[in-house]
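Subject: Structure handover

Hello,

Here is the structure I said I would pass on. My notes on what was found in it come after it.

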Amino acid sequence: MAVRERVTSRGRVETFSDGVFAIAITLLVLDLRAPEDSATFLADLAAQWPSYLAFVAAFAVLGLIWLSHHALFTRLKAVNASLLLRNLLLLFLAAVFSFPTGVLAASFRDESAKTNQLVAIGIFELTAIAITLAWVWLCRILVVSPHLAKDPAEAAAYVRQQTLFGGIACALLAIAFAAGFFSTLASILLTALLPLINIAFYRRSQRFAGDGASDRLTEG
């Protein structure tokens with residue numbers, strides 16, 4: 001007698017995931033501090049530019065993953081154990097992303113320590129690549145378990161599109177790391193530009209959504 005796979009509602013998983021993403025993004029702000037010396041307020045404020053860039057870059061990575069995560073869950077009608085485990089890996093990496101962001105910001109406060117900056121960029125970019133790969137792995141649950149999707153054919157097209165996006169994002173992050181050998185500033189700026197690519201992919205993914213808007217209204 002075959003054992004039926006247990007599937008459950010996606011609502012609770014999506015709510016929990018949104019909470020983790022919200023906390024992870026909020027933690028990024030902790031490295032942004034107001035200057036304490038009023039006599040050098042403007043100078044101290046400007047000197048924190050590495051923290052600003054690190055925040056924008058990290059926000060870009062987590063923000064685009066959250067947008068895509070939301071689009072994925074509008075396509076699901078249920079979740080299973082495999083999806084839960086894949087989702088937890090993604091959330092784990094998102095939760096720890098504030099650490100490499102803080103390391104990156106701290107390394108730029110000493111402009112003479114180029115080696116430290118390159119190491120920090122490497123940690124940041126590798127973590128961002130790991131998050132992207134975890135996202136693609138989560139999406140591909142619809143390949144091995146197509147019955148979780150509301151529309152398996154449309155979901156398959158969405159997975160192909162997101163796999164392509166993941167490849168492009170990882171390539172851009174790798175280029176950003178390589179650019180760090182020549183210009184650490186250029187490396188962070190390349191990472192911060194990632195949302196521009198995601199905007200095009202996210203809008204395209206919405207064309208696949210079909211009745212996604214009506215689904216959200218029904219569930220709300």
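**V61 and the inside of the model**

V61 is found in helix α3. Helices here are DSSP runs of H or I with at least four residues, strands are E runs of at least two, and both are numbered from the N terminus. V61 is buried, with a relative accessible area of 1%. Buried means under 20% relative accessible area, exposed means over 50%, and partly exposed is in between, with a 1.4 Å probe and protein chains only. V61 and T191 are 130 residues apart in sequence, yet their C-alpha atoms are 8.0 Å apart in space.

Before going on, please note that this is a predicted model, in which local features need pLDDT of at least 70, side-chain atom pairs count only at pLDDT 80 or more, and totals for chains, interfaces and linings use all residues. Residues are numbered from 1 along each chain as its sequence is written, and side-chain values use heavy atoms, with hydrogens and water left out.

**Confidence**

The average pLDDT of the protein is 80, and 80% of the residues score at least 70. The pLDDT is the predictor's confidence in each residue, from 0 to 100. Confidence is highest in α4, at 95, and lowest in helix α11 (residues 212-219), at a mean of 38. Over residues 210-220 the pLDDT is below 50, and this stretch has 6 contacts in the model beyond near neighbours in sequence. A contact means heavy atoms within 4.5 Å.

**Overall make-up**

The protein has 11 helices and 0 strands. Of its 220 residues, 46% count as buried. Among contacts between residues at least 6 apart in sequence, 79% join residues at least 24 apart. The protein exposes about 11400 Å², of which carbon and sulfur atoms supply 69%. Accessible areas come from the Shrake-Rupley method with a 1.4 Å probe, and for residues only the protein chains shown count as cover.

**The nonpolar core**

The largest nonpolar core has 54 residues, and W135 and L142 have the most contacts inside it. Such a core is a set of buried Ala, Val, Leu, Ile, Met, Phe, Trp, Tyr and Cys residues joined through side-chain atoms within 4.5 Å. At least two residues of this core come from each of α1, α3, α4, α5, α6, α7 (141-144), α8 (152-179) and α9. The largest share, 12 residues, comes from α3.

What does L142 touch, not counting residues up to four places away in sequence? The residues are L72, L76, L148, A149, A155 and V159.

Like V61, A54 is found in helix α3. A54 is buried, with a relative accessible area of 1%. Not counting residues up to four places away in sequence, A54 touches T101, L104, A105, F124 and I188. A54 and A192 are 138 residues apart in sequence and 8.3 Å apart in space, C-alpha to C-alpha.

N87 is found in helix α4 and is buried, with a relative accessible area of 2%. Leaving aside neighbours within four places in sequence, N87 is in contact with V13, S17, H69, F73 and L138.

**The salt bridge**

The count comes to 1 salt bridge, a salt bridge being a side-chain nitrogen of Lys or Arg within 4 Å of a carboxyl oxygen of Asp or Glu. E154 forms a salt bridge with R75, and their closest N and O atoms are 2.8 Å apart. E154 lies in helix α8 and R75 in the loop between α3 and α4, so the pair ties together parts that are 79 residues apart in sequence. Both E154 and R75 are buried.

V29, L32, F41, L42, L45 and Y52 make a nonpolar surface patch of about 500 Å². Patches are made of residues with over 30% relative accessible area and no salt bridge, with like charges joined within 9 Å and nonpolar side chains (Val, Leu, Ile, Met, Phe, Trp, Tyr) within 5 Å. Helix α2 (residues 41-47) gives the largest share of this patch, 3 residues. L32 lies in the loop between α1 (11-27) and α2, and is partly exposed, with a relative accessible area of 30%.

Regards
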